[in-house]
Amino acid sequence: MDLYAEEILDHYKHPRHFGHLDEPTLVYHDRNPLCGDEITLELKIEDGKVVDIAFTGHGCAISRAAASMMSEEIIGKSLDELKGYDKESILDLLGIEVGPVRIKCALLPLKAMKAAVWGLAEEGEE
Amino acid sequence: MIASTSSVALDVQRIRADFPILQREVKGKRLVYLDNAASSQKPIQVLDAMDRYYRETHANVHRGVHTLSEEATTAYEGARAKVSNFIGACCPKEVIWTRNATEAINLVAYSWGRSHLKQGDRVLLTEMEHHANLVPWQILAAEKGVELDFVRVADNGALILDDLPKLLTPKTKLFGFSAASNVLGTLNPVKELTQAAHKVGALVLLDACQAVPHMPFDVQDLDIDFAAFSGHKMLGPTGSGVLWGRREILNAMPPFMGGGDMIREVKLRQSKWNELPWKFEAGTPAIAEAIGLGAAVDYLSSLGMENVYAAEHELVTYAMEQIQDIEGLKILGPRDRRTGLVSFILGNVHPHDIAAALDSLGIAIRAGHHCAQPLHERFGVPATARASFYIYNTRDEVDVLVSGLRKVAEYFSF
């Protein structure tokens with residue numbers, strides 16, 4: 001079976017930065033109820049830069065690999081740089097074609113990261 | 001193909017020859033289509049009927065007095081009569097064409113619900129309902145102050161009938177439930193549930209989407225009041241659906257939508273409604289689709305619905321035997337008394353990954369919550385994978401599925 005690129009499978013089986021931070025600066029929980037994907041993203045910010053990151057949750061290989069790859073990518077980046085990340089940045093990281101149905105899986109970590117950075121309220125909060 | 005591919009009840013190889021799409025390849029592999037509970041494929045007989053209509057007899061129905069309009073009307077109403085016979089209705093006027101089962105249920109909620117229910121009345125549903133039989137009632141409940149109750153589902157996938165006496169109250173005006181679960185495959189005891197509902201004076205609306213395509217079905221024998229089902233799950237085209245209702249109940253309901261064809265007489269400020277079934281069919285209907293569904297019903301009738309049920313039962317039983325040995329695989333729903341589908345989870349592998357991996361082998365299954373989120377919540381899983389069989393599926397295809405699932409389990413294991 002040759003389904004996903006080796007790198008994606010590796011990030012899925014051995015996700016980087018999976019777990020929790022001791023004292024996160026920003027925490028954001030997001031989910032995609034349609035597929036049941038869920039992510040909690042924790043960021044530690046110092047001097048306007050990401051110094052550490054962790055995520056937990058469950059999801060398909062693409063969403064988990066995207067979270068893992070994005071985590072590696074954004075360490076050391078400034079908040080302003082994070083705001084510049086978009087769909088293309090994630091698809092470049094993944095390096096595969098993602099069809100119309102599963103694009104939401106791939107973009108869930110990005111959505112959580114952007115919401116955390118922009119300080120958006122979570123679902124259900126005022 | 002070898003003898004093992006033939007079911008006892010149906011000549012599957014002969015049936016397969018009628019379905020052009022089964023010849024195609026997906027990802028370089030022969031297509032194995034196991035997503036029939038979502039939508040079935042179409043035989044050449046259905047495609048030809050629709051094609052012939054557009055090529056030879058298309059015109060608007062019920063309006064013109066010219067030859068084409070008369071031919072179109074005859075074909076359109078003829079299809080209604082076929083469906084009426086197929087489900088054991090008293091007469092074609094009880095068969096209302098809709099776009100799909102969802103529209104059929106909405107028709108009841110909007111027309112019957114808004115005219116017959118008042119604040120404090122109750123509608124009983126079940127935890128295993130498809131969103132189509134939940135959301136219309138939620139909208140109605142919010143609008144009219146109607147209360148919703150739910151029959152719970154046991155771990156084995158059956159409805160918990162012991163709760164029924166508590167749930168069916170004198171305030172309960174309607175009991176809406178599915179004949180068969182689109183996720184668990186559970187076959188509900190329709191007659192028993194209907195009798196219980198009628199004892200308290202509640203009407204019964206049956207979501208028959210997973211029953212009409214797969215087994216003998218007789219609305220009068222079941223003694224129900226409404227039935228909703230979709231044409232595209234039973235060899236017919238998308239855009240064809242049916243609401244069946246008892247004529248005395250339908251007669252007492254106001255129209256669902258207003259417009260042409262549903263009126264007898266129109267003045268500037270008021271109108272008189274047409275008789276059944278056209279009272280509920282405003283505007284130019286899906287004529288080709290109705291004709292296509294009529295051809296689908298002919299096709300199924302020629303096979304015999306007892307045979308369809310037997311063949312599917314044999315196939316799903318075989319599939320369950322084969323897949324249950326796969327490590328980490330857990331089947332949802334009852335062991336017996338089930339329809340021809342099987343939903344499962346496979347260890348920690350997300351159903352989307354299962355479906356994507358199987359797709360790379362040419363196998364089409366469904367992954368997700370199958371429009372039944374509350375049911376998935378009930379079983380504590382965000383999503384499931386589902387293989388659903390129909391008249392053209394073979395044991396060979398089950399074997400392809402099983403070997404595919406073994407590969408999936410290995411591929412994602414860590």
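Start with the seven-stranded sheet of chain B: select β4, β10, β9, β8, β7, β5 and β6, which sit in that order in an open sheet with mixed pairing. Strands here are DSSP E runs of at least two residues, helices are H or I runs of at least four, and both are numbered from the N terminus. Two strands pair if DSSP finds at least two bridges between them. At the edges you'll find β4 and β6 (147-151) of chain B, each with a single partner strand, so one side of each has no neighbour in the sheet. From one strand to the next, the twist averages 20°; angles run from 0 to 180 degrees between N-to-C directions, with axes being lines fitted to C-alpha atoms, for helices over the stretch in contact.

A quick word on what you have open. This is a predicted model, where local features need pLDDT of at least 70 and side-chain atom pairs count only at pLDDT 80 or more, while totals for chains, interfaces and linings use all residues. Residues are numbered from 1 along each chain as its sequence is written, and chains are lettered from A and ligands numbered from 1 in the order in which they are written.

Now pick β5 (residues 122-126) of chain B, which pairs with β6(B) in the parallel sense over five bridges. Zoom in on Leu125(B): opposite it, in β6(B), stands Phe150(B).

Next, select helix α4 (residues 101-116) of chain B. This helix lies across β4, β7 (172-178), β8 (203-207), β9 (226-230) and β10 of chain B, running at about 35° to β10(B).

Then go to helix α3 (residues 67-86) of chain B. Its 20 residues reach 28 Å from first C-alpha to last, close to the 28 Å expected at 1.5 Å a residue (the expected span is 1.5 Å times one less than the number of residues). Which residues of α3(B) are buried? Among them are Ala72(B), Tyr76(B), Arg80(B), Val83(B) and Phe86(B). Buried means 20 or more other C-beta atoms within 10 Å of the residue's own, the C-beta atoms being placed from the backbone. The cover over these buried residues includes α2 (44-57), β4 (95-98), β10 (241-245) and α10 (287-303) of chain B. Just past the helix, click on Gly88(B), which takes a positive phi of about 70°.

Move on to a second open sheet, with four strands in the order β13-β14-β17-β16 (chain B) and antiparallel pairing. Its edges are β13 (329-331) and β16 (366-368) of chain B; each has a single partner strand, so one side of each is left without a neighbour in the sheet. Here the twist averages 30° from one strand to the next. Three bridges join β16(B) to the antiparallel strand β17 (residues 384-388) of chain B, and Ala367(B) stands opposite Ala385(B) in β17(B). Select α12 (residues 351-359) of chain B too: this helix lies across β14 (341-346), β16 and β17 of chain B, at about 160° to β16(B).

Glu265(B) has Lys272(B), in β12(B), as its bridge partner.

Finally, zoom out to chain B as a whole, with its 14 helices and 17 strands. Of its 414 residues, 51% count as buried. The C-alpha atoms fill a box of roughly 70 × 55 × 30 Å along the principal axes.

How values were computed:
A residue is buried if 20 or more other C-beta atoms lie within 10 Å of its own, exposed if 12 or fewer, and partly exposed in between; C-beta atoms are placed from the backbone. Two residues are in contact if their C-beta atoms, placed from the backbone, lie within 7 Å.
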